[in-house]
Amino acid sequence: MTIQAPTGSSTIRVNTRVEDRPAIVVGSGYIALLIGFVCLVLAIYTACGAFPRNGQVEWLVLLGALTLFLIALLFGSSIYSLQPNESAVLTLFGAYAGTDSAPGLRATVPLFRAQKISQRVRYHECGKLKVNDLIGNPIEIGAVVVWRVEDCAKAIFQINDYADFVGAQTESALRYIAGRHPYDFDEAVIHPIGETTGTSEQIAARTLSLRESGDQVTNELIAELRDRLAVAGVTIDEAWINHLAYAPEIAPVMLRRQQASAVIAARKLVVSGAVDIVKEALDKLREETDIDLDPERKAAMVSNLLVVLVSDKDATPVVNTGTLYA
């Protein structure tokens, strides 16, 4: 059977698909322990009766004692204990027979083999990965994933080592998600890549940045991991990006670019506010006074006001006293 993996990953082939189902015959371990103990006592008592004082061995009695001992041994081997958030996958000569998740002392049919598996919450920390974002910039990214086994049968029979599988798929999914988004939204604006091509989902992905759209990117990572790990019976409860930075070789350049972008944005805000102030000053001067400036004087006034408002230094006023004649 072939299970189709999610977008961005390859197809995973599973020869026999197995899913969790309750074990058919599973009972209390105390009953099995009692039966085994009684059989053991009867076996010892019967074995003692097989050797009478006349020296002749009662072979039938000895055979019965041996049978009771084997029964006690079988019942003893069928007993196992489970802790909370722990399950036992039962097999009979290699065939899957069900999953028991009830905590306590448990027992199954003799000859059944119980393989325990923990369903407790675990976490995997993916170290720093050096990848390229959507624009092609080298970045470093790391993530932490909180996961647990949801389907014990899939974890045992469909994946050889589900813990290693979680680590490998986490790294692969993180690389895939990082390559679908730019590091910063400003970079996507400066370097547009196919805004009108691709599916609606791909176009929407380009509008999210790794630095500014943390929640949306994390949700994408969780969804991607759940799809990839479904074949292993593993589910993702939570995930977050714990490291995000430019690669060391381009970090200084990108820092200067960010500083320049911040200065430009601040200047734009200052100029926009100064223009509004000048416009408001001219309107009030025209409405509240009878002064009507000609275009030349109005231009001079606008220039002086903009210089005063936009300059990052204190302005030094110059008073025009007119022309002196000798």
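Which order do the three strands of the open sheet have, and is their pairing parallel or antiparallel? The order is β6-β5-β8 and the pairing is antiparallel, where strands are DSSP runs of E of at least two residues, helices are runs of H or I of at least four, and both are numbered from the N terminus. The model is predicted, so that local features need pLDDT of at least 70 and side-chain atom pairs count only at pLDDT 80 or more, whereas totals for chains, interfaces and linings use all residues. Residues are numbered from 1 along each chain as its sequence is written, and side-chain values use heavy atoms, with hydrogens and water left out.

- β5 (residues 86–92) pairs with β6 over five bridges, pairing being assigned if DSSP finds at least two bridges between two strands.
- Within this pair, Ala88 stands opposite Asp100 in β6.

**Nonpolar core**
- The largest nonpolar core has 39 residues, and those touching the most other members include Trp147, Tyr162 and Leu221; such a core is a set of buried Ala, Val, Leu, Ile, Met, Phe, Trp, Tyr and Cys residues joined through side-chain atoms within 4.5 Å, with buried meaning under 20% relative accessible area (1.4 Å probe, protein chains only).
- The largest share of this core, seven residues, comes from α4.

**Confidence**
- The chain averages a pLDDT of 79, and 80% of the residues score at least 70, pLDDT being the predictor's confidence in each residue, from 0 to 100.

Conventions
Buried < 20%, exposed > 50% of the residue type's maximum accessible area, 1.4 Å probe, protein only.
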